[in-house]
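Please find below a short note prepared for a colleague who is new to this structure.

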Amino acid sequence: MNLIVVVDNNWAIGANNDLLFRLPYDLTVNFKGKTLGKTIVVGSNTLKSFPHSRALPKRTNIVLCDTGETFDNCVMATSLQELFEILRDYDSEQIFVCGGASVYKLLLPYCKVAYITKVNASRIDATAFFPCLDTLTNWANVEQSQPIIDNGYEITFNKYFNNMPKQF
């Protein structure tokens, strides 16, 4: 299983259920390029933050939500156990965890690859954070792009590997 996320210098990922940065290149080339035609796993708040609160097109959208809510064109899982049962029907290399913070935290140990877009900026209004993979002994940054500018921000694309992913 993979995950994909944008972080700032402090590994912040959001503020009040919204993204910290608008990065059109990252969104279209990186996120869409990696997840199109794949399976994405999100929490209900993340799904609600998508355009029109709808499933992302041309992807299998699986939503982890224990409140009983349902969303059109989504596969619903009400528990971690149910999510893992559902995910067993999919190729784990084609699964991308896409947020939010609680879903990332819950599924990070099961991910083998993390695609991290790092933004060279710090947002003091951040309310959601991602674990700093640079301090976790089982994660290694194995690939980093040259910096580019996206909507006025310097960003790099990083690929981390987990050398001890848990099985689900």
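Which residue in E11 does Ile-149 stand opposite?

1. Ile-149 stands opposite Glu-154 in E11. The model is predicted, with local features needing pLDDT of at least 70 and side-chain atom pairs counting only at pLDDT 80 or more, while totals for chains, interfaces and linings use all residues. Residues are numbered from 1 along each chain as its sequence is written, and side-chain values use heavy atoms, with hydrogens and water left out.

2. Strand E10 (residues 148-150) pairs with E11 in the antiparallel sense through three bridges. Strands are DSSP runs of E, at least two residues long, numbered from the N terminus, and two of them pair if DSSP finds at least two bridges between them. Two residues lie between the strands in the hairpin of E10 and E11, where Asn-151 takes a positive phi near 55°.

3. Strand E11 (residues 153-162) is also joined to strand E7 (residues 113-119) by seven bridges, and these two run antiparallel. Within E11, Tyr-160 stands opposite Ala-114.

4. Strand E9 (residues 139-144) runs antiparallel to E11, with five bridges joining them. Here the bridge partner of Asn-141 is Tyr-160 in E11.

5. The count of disulfides is zero, a disulfide being a pair of cysteine sulfur atoms within 2.5 Å. Cys-111 is in none, and the nearest cysteine sulfur, that of Cys-98, is 9.9 Å away. Cys-132 is likewise in no disulfide, the nearest cysteine sulfur being that of Cys-111, 16 Å away.

6. Is Cys-111 buried or exposed? Cys-111 counts as buried because its relative accessibility is 0%, whereas Cys-132, at 24%, counts as partly exposed. Buried means under 20% relative accessible area, exposed over 50%, and partly exposed in between (1.4 Å probe, protein chains only).

Methods
Helices (H or I, at least four residues) and strands (E, at least two) are DSSP runs, numbered from the N terminus.
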